[in-house]
Amino acid sequence: MSVLVARIKATGRRAFLAAGLAAGLSILGLANAVVPSARAQAIEVAAIYTVPVEQQWVSRIHIALQAAEKRGDITYVWSENVANTDYERVMREYAEQGKNLIVGEAFAVERAARKVAGDYPETAFLMGSSFGPAQPNFSVFDNWIHEPSYLTGMVAGKLTKSNLIGMVGGYPIPEVNRLMNAFMDGAREVNPDVQFLVSFIGSWYDPPAAKEAAFAMVDSGADILYAERFGVSDAAVERGIKAIGNVIDTQADYPGTVVASALWHMEPTIDRAIEAVKSGAFEPADYGPYSFMSYGGGSLAPMDAALVGQDVIDLVEAKRAEILSGLFRVNVNDSEPKSTR
């Protein structure tokens, strides 16, 4: 038995509540884990973010953890705007405080984060990562919303009149690349003539830079913008064109401008990790699949027929049904997307 499981068992954890959870844990490779006894109190969770909690990606994790705290499953503290150079220190501080689960983003601090986890085998770590899980206690996740991204690409491909779509991203890492490539594939399915302008701003949170990059694309003829970063939709508003949202639903914030959004729901991932810790069953695993549409981890925001046309909605809905039924699989392409014009 690992030190982590031994510690969790010592505090006492409640048994699995339903067969559905057991099935989910089986997918994660946890089906043979020991199930300990009940535990009433909430577990202690800490999160570490390198950007503000308002940022798209981080906001989904934050919301899911807040929901778990509201249910009474966890107590939750977090640190935001943590520099990469300070990330290891903050991780160690939370581990030293005895937090049961630490959630964060290891993309720029992979080696340091994994070293910290190895130094605290009694603590569970669930980190956004481009790489795999590691013994004894390092699990990973990602926002695998390539499926709804493909659907939003179909919308953009049908709406563009200039056949030129502008795409602004943060960094060309696999987690971003696969969403942008899926979007491009969806647009090409319905419009073989569509071309793309692609730019990365080198930041996860710099709305002014994203806005300027988007302006340059509009000046080059783009009439639809893919808003992987904040700031792009503001440019679309100012230039009177349409935009496609990513990760969160900003359609209410940009009425008439953002016409479709691929949404990430972190709850399926967070809830399974919390239950695994509470049950004493937490082991290193890849939680990425729980962001798939079939698990409720990804979805397409409702669309307005007055903005996109009922024919487009019907087309997209038919493809969504194919994805959910397993009859269509969106290609996963982690390579850096390039401008085609």
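Ala, Val, Leu, Ile, Met, Phe, Trp, Tyr, Cys and Pro count here as nonpolar, Asp, Glu, Lys and Arg as charged, and the others, Gly among them, as polar. With that sorted, let's look at a predicted model, in which local features need pLDDT of at least 70, side-chain atom pairs count only at pLDDT 80 or more, and totals for chains, interfaces and linings use all residues. Residues are numbered from 1 along each chain as its sequence is written, and side-chain values use heavy atoms, with hydrogens and water left out.

**Confidence**

- The protein chain has a mean pLDDT of 90, and 88% of its residues reach 70 or more; pLDDT is the predictor's confidence in each residue, from 0 to 100.
- Residues 1-39 have pLDDT below 50, and beyond near neighbours in sequence this stretch has 82 contacts in the model (contact means heavy atoms within 4.5 Å).
- Where pLDDT is low, the predicted coordinates should not be read in detail.

**The parallel sheet**

- Strands (E, at least two residues) and helices (H or I, at least four) are DSSP runs numbered from the N terminus, and two strands pair if DSSP finds at least two bridges between them.
- Strands β3 (residues 101-105) and β4 (residues 124-128) run parallel and are joined by 5 bridges; L101 has A124 in β4 as its bridge partner.

**The mixed sheet**

- Another open sheet has 6 strands in the order β7-β6-β8-β9-β10-β11, and its pairing is mixed.
- Its edge strands are β7 (195-200) and β11 (298-300).
- Strand β10 (residues 258-264) pairs with β11 in the antiparallel sense over 3 bridges, and W264 has G298 in β11 as its bridge partner.
- Helix α3 (residues 56-71) turns up again, packing on this sheet and touching β8 (224-227), β9 (242-247) and β10.
- Helix α8 (residues 207-219) packs on the sheet as well, touching β6 (164-169), β7 and β8.

**Cavities**

- The structure holds 2 cavities of 30 Å³ or more. On a 1 Å grid over the protein atoms alone, a cavity is a set of points where a 1.4 Å probe fits but cannot get out, and lining residues have an atom within 4 Å of a point; grid points are joined across faces, edges and corners, and a volume is the space filled by probe spheres set on the points.
- The largest cavity has a volume of about 170 Å³. Of its 16 lining residues, W57, F107, V176, W204 and R229 lie nearest its centre.
- Helix α7 gives the most to that lining, with 3 residues, and by class the lining has 9 nonpolar, 3 polar and 4 charged residues.
- The second largest cavity has a volume of about 90 Å³, and its lining has 5 nonpolar, 6 polar and 1 charged residues.
- Among the residues lining the second largest cavity are Q56, R229, F230 and Y254.

Terms used. Axes fitted to C-alpha atoms, helices over the stretch in contact; angles between N-to-C directions. 1 Å grid on protein atoms, 1.4 Å probe; cavity = no way out; pocket = protein on both sides within 12 Å on 5 of 7 lines; lining within 4 Å.
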